[in-house]
Amino acid sequence: MLNPLSQVSLERLRRRTSVKWRQFPDDVLPLWVAEMDVDPAEPIKQALVDALELGDTGYPAGTAYQEALAAFARERWGWDLPVERAALVSDVMLGAVELIKLVSGPGDPVIVSPPVYPPFYLFVRSLGRAVIEAPLTNGRLDLGVIERTFRHVKADRPVYLLCNPQNPTGTVHTAGELTALAELARTYGVRVIADEIHAPLVSRSARFVPYLSVDDQGMCLMSASKGWNLAAMRAAVAVANTDDLARLPEEVSHGPSHFGTIAHAAAFTHGGEWLDALLDGLDENRKLLKTLLTEHLPEIGYEPSEATFLAWLDCRAISDDPAAFFVERGKVALMSGREFGSGGEGHVRFNLGTSPEIITEAVRRMAASR
């Protein structure tokens, strides 16, 4: 199968009306928000066309999405996802909010390990909860820091919100790291909720470990949204190793769209070949970015990761605010590291989910902007 990242021209991309292509003027290359520059996989398009032709435009029903995800998890990760303990939610972050409310109280804080996905801060604070940081060390979970944080937190039912794999660093947490985290959570009475939206995007040279495979009290959220670029079709699945999800309010299940559940189920069931081609393309893009930066911007620190379509660049040698620097001088829009919490200062997140030609042009512009 052809590389999905090389099939859409910049001219056609600029006709799109999503936020990625409307936030900045047309002379800016947008490599900031987590949208990929791909066309949908054919099985997903066909599933949606079939639904439209049938007039199947009502409300979602049944467990087709959960069953498709479970089959994918069994085949790809060797994990038996408990379908009977899986519930539909509108998306991963709104699902995370509902799970936080479910297993903790109004005054209980949420612990995160930055640099991490900015909505971890935005949604938790909108819920009225305090955010406590237990930062990564050299891009990995620091179990000593996490243990001290768990030990000293003053709360009845604290929550740890895990990003697995990590956004923005692309770190794939190991079975040993996750098992140790689960042991700490049990020791200190912390419930772990794992955002695993990037799980399908782990390189085939690495191994994704579902958090629920190591924690009998764990909860997670999964979706086809990132793996197959389906943000417009909202749907996600919350999964637990306990019976907690039975207490979710009925209205939570009203959030996902029927088209979302159809598209996501088709992705997990029939989108494997497309995903494998994408993973190959992302591996090539990581190598390309490393080569280009080494040649043209050696002062930028970058090590290719094993997951996501995102690259985490250390630009402290260039600017204290590199995102502003590169968009103003080079017309390249990147996500500011400041938004990712402690450890993000002087960094940017660079979206690799695009063509090699756009990556090459972006680095050319960035080098010329110095």
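**Exercise 1. Locate Arg-286 and Asp-283, then describe how they pair.**

Arg-286 and Asp-283 both sit in helix H10 (residues 272-296). They are three residues apart, about one turn of the helix. The model is a predicted one. Next, check the contact. The closest N and O atoms of Arg-286 and Asp-283 are 2.7 Å apart. The cut-off for a salt bridge is 4 Å. The pair therefore counts as a salt bridge. Arg-286 has a relative accessible area of 3%, so Arg-286 is buried. Asp-283 has 23%, so Asp-283 is partly exposed.

**Exercise 2. Trace the salt bridge between Asp-39 and Arg-16.**

Start with the distance. The two side chains meet at 3.1 Å, N to O. Then place the partners. Asp-39 is in the loop between strand S1 (29-30) and helix H3 (42-54). Arg-16 is in the loop between helix H1 (10-13) and helix H2 (19-22). The pair links distant parts of the chain, 23 residues apart. Asp-39 has 25% relative accessibility, so Asp-39 counts as partly exposed. Last, widen the view. Arg-12, Arg-16 and Asp-39 are linked in a network of salt bridges.

**Exercise 3. Explain which parts the bridge of Arg-186 and Asp-215 ties together.**

First, the contact: the closest N and O atoms of Arg-186 and Asp-215 are 3.9 Å apart in this salt bridge. Second, the positions. Arg-186 lies in helix H8 (residues 175-188). Asp-215 lies in the loop between strand S6 (191-195) and strand S7 (219-222). The pair therefore ties together parts that are 29 residues apart in sequence. Arg-186 is partly exposed at 44%. Asp-215 is buried at 2%. To close, the structure's salt bridges come to 24.

**Exercise 4. Describe the largest cavity and its lining.**

Searching the whole structure gives one cavity of 30 Å³ or more. The volume of the largest cavity is about 30 Å³. Its lining is made up of Tyr-117, Cys-163, Asn-167, Asp-195, Ile-197, His-198 and Lys-226. Sort these residues by type. Three are nonpolar, two polar and two charged. Cys-163, from the previous exercise, is one of the lining residues.

Notes:
Residues numbered from 1 in each chain as written. Predicted model: local features only at pLDDT ≥ 70, side-chain atom pairs only at ≥ 80, totals over all residues. Heavy atoms only, no water. 1 Å grid on protein atoms, 1.4 Å probe; cavity = no way out; pocket = protein on both sides within 12 Å on 5 of 7 lines; lining within 4 Å. Points joined across faces, edges and corners; volume = space filled by probe spheres on them. Nonpolar A, V, L, I, M, F, W, Y, C, P; charged D, E, K, R; others polar. Helix = DSSP H or I, 4+ residues; strand = E, 2+ residues; numbered from the N terminus. Buried < 20%, exposed > 50% of the residue type's maximum accessible area, 1.4 Å probe, protein only.
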